Amino acid sequence: METLESMYEAMGVSKEIYEFGEKTAEKLEGRFREIDANAEYNQMKVVRAFQKNRISAEHFNGTTGYGYNDAGRDDLEKVYADTFHTEDALVRPQITCGTHALALALAANLRPGDEMISISGKPYDTLEEVIGIRPSRGSLAEYGITYRQVELKPDGSFDFEAIRNALGEKTRLVEIQRSKGYLTRPSLAVDKIGEAIRFVKSLRPDIIVMVDNCYGEFVDRVEPSDFGADMTVGSLIKNPGGGLAPIGGYIAGTHECIENCAVRLTSPGLGREVGASLGVLRQLYQGFFLAPTVTASALKTAIFAANLYEQLGFRVNPNGTERRNDIIQDIEFGFPEGVIHFCEGIQQAAPVDSYVTPEPWAMPGYDSDVIMAAGAFVSGSSIELSADGPIKPPYAVYFQGGLTYEHGKFGILRSLQRLYECGVVKIG
Ligand SMILES: *Cc1c(COP(=O)(O)O)cnc(C)c1O
């Protein structure tokens with residue numbers, strides 16, 4: 001029988017890199033046990049929600065046409081609401097992605113003349129056009145909704161004084177982004193988000209707080225919704241889809257906010273009563289069931305990579321030992337080849353499309369060329385091992401995912417091999 005080492009070698013990972021990886025992984029066992037314990041806790045949360053709502057095989061059938069009386073769809077929303085401890089949730093394949101879910105949550109709950117404030121600095125790139133920070137057709141700005149932004153402090157914490165000063169008569173909604181997205185600030189811990197929510201509500205209980213929870217689900221034992229967020233929003237082709245959801249987004253929150261989202265998603269008067277689930281319900285249920293352990297695999301992959309690249313002298317964020325608040329890892333190379341060759345290595349390790357070479361291109365919604373590596377079962381899924389980086393300083397690659405830690409580890413080793421072969425990284 002072939003040894004594991006020789007299998008790695010046949011897959012393009014040299015003995016030297018494999019051994020470097022093994023030494024790194026050995027030191028992480030304690031850390032990985034903590035992650036498994038969190039996954040166990042979250043698994044119980046999800047199964048409890050399934051059982052409470054008496055999920056049965058019939059729930060997977062789905063509907064067509066108008067989708068009236070789609071019990072599978074309606075009860076999936078109850079499963080999400082119970083897991084996130086919210087009054088209600090909207091979870092649908094008609095919500096096309098995370099940006100759409102966030103745009104929906106905003107547009108549904110803001111009216112002309114209202115103002116929204118981001119209190120975690122610049123929001124995710126694609127939201128710039130949703131809000132109208134970059135002028136864009138159909139933006140909230142075009143509907144007379146204004147926007148303000150409060151920066152995080154240099155240490156990455158909320159600037160409470162500046163938040164207090166920013167809240168005005170017109171302020172209707174406050175946005176908090178948990179994950180750093182394409183920035184090098186730290187991602188926000190759920191309890192810190194909770195403090196900010198409490199602060200805003202203590203000054204203005206009428207303000208709606210929306211948390212962009214993308215990449216954060218199941219990383220911790222609690223979610224922003226446990227701390228009073230009115231809407232917690234994310235994408236099903238990230239953590240909560242567990243790698244199986246082929247499409248979708250969710251909004252979990254108060255009944256009032258979710259009803260507003262429902263009538264905006266479909267139509268006033270129709271709301272959540274329509275929206276056929278077609279044939280995706282089993283995948284949405286099963287993906288959510290798997291999501292806690294899949295998220296744990298992604299976290300282990302990120303921590304493994306952080307420790308590996310940190311030893312090679314690169315700035316990694318979060319660093320090798322820091323607490324995690326999302327599944328994103330960035331590695332700052334400082335030169336474009338680092339980003340490009342890293343992505344090539346991730347692609348070479350993929351189960352799908354391993355033979356193609358990723359190249360930087362001008363992606364819609366982004367303001368610089370972006371390179372993306374993904375050999376995914378679900379197109380664009382970033383709970384699957386995937387890497388991307390805007391080709392602009394500080395030339396950081398952002399990667400996330402790994403449906404299994406075993407595959408994530410291979411991808412990271414393959415990326416290192418690629419950088420080594422291209423002569424941009426030296427080992428030892
Ligand atoms: C991915 C992401 C989004 C947008 O989700 P898409 O599914 O890519 O549209 C928004 N905010 C954050 C923080 C994200 O990570």
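**View 1. Lys 238 and two tyrosine rings.** The charged end of Lys 238 sits over the ring of Tyr 124, 5.6 Å from the ring centre. The charged end of Lys 238 also sits over the ring of Tyr 215, 4.1 Å from its centre. A charge sits over a ring if NZ of Lys or CZ of Arg is within 6 Å of the ring centre and within 35 degrees of the ring normal. The model is predicted: local features need pLDDT of at least 70 and side-chain atom pairs count only at pLDDT 80 or more, while totals for chains, interfaces and linings use all residues. Residues are numbered from 1 along each chain as its sequence is written, and side-chain values use heavy atoms, with hydrogens and water left out.

**View 2. Two aromatic pairs.** The whole structure holds 22 aromatic pairs, counted for rings of Phe, Tyr and Trp (its six-membered ring) with centres within 6.5 Å; planes under 30 degrees apart are stacked, over 60 edge-to-face and the rest tilted. Phe 158 and Phe 160 have ring centres 6.3 Å apart and planes at 45°, so this pair is tilted. Phe 158 is buried at 4% relative accessible area, whereas Phe 160 is partly exposed at 27% (buried is under 20%, exposed over 50%, partly exposed in between, with a 1.4 Å probe and protein chains only). The rings of Phe 304 and Tyr 405 also have their centres 6.3 Å apart, but their planes are at 85°, so the pair is edge-to-face. This pair links distant parts of the chain, from Phe 304 in helix α10 (residues 281-311) to Tyr 405 in helix α12 (residues 405-421), 101 residues apart. Helices (H or I, at least four residues) and strands (E, at least two) are DSSP runs numbered from the N terminus. Phe 304 and Tyr 405 are both buried.

**View 3. An aromatic cluster and the contacts of Phe 342.** One aromatic cluster is formed by Tyr 309, Phe 314, Phe 333, Phe 335, Phe 342 and Phe 399. Leaving aside residues up to four places away in sequence, Phe 342 touches residues including Tyr 309, Ile 331, Phe 333, Phe 399 and Ile 412 (contact means heavy atoms within 4.5 Å).

**View 4. The largest nonpolar core.** Of its 57 residues, Tyr 309, Ile 331, Phe 333, Phe 342, Ile 412 and Leu 416 touch the most other members. Such a core is a set of buried Ala, Val, Leu, Ile, Met, Phe, Trp, Tyr and Cys residues joined through side-chain atoms within 4.5 Å. The largest share, 10 residues, comes from α10. Domain 1 (4-42 + 289-421) and domain 2 (63-278) both give residues to this core, so the core lies between them; the domain bounds come from an automatic or database domain assignment.
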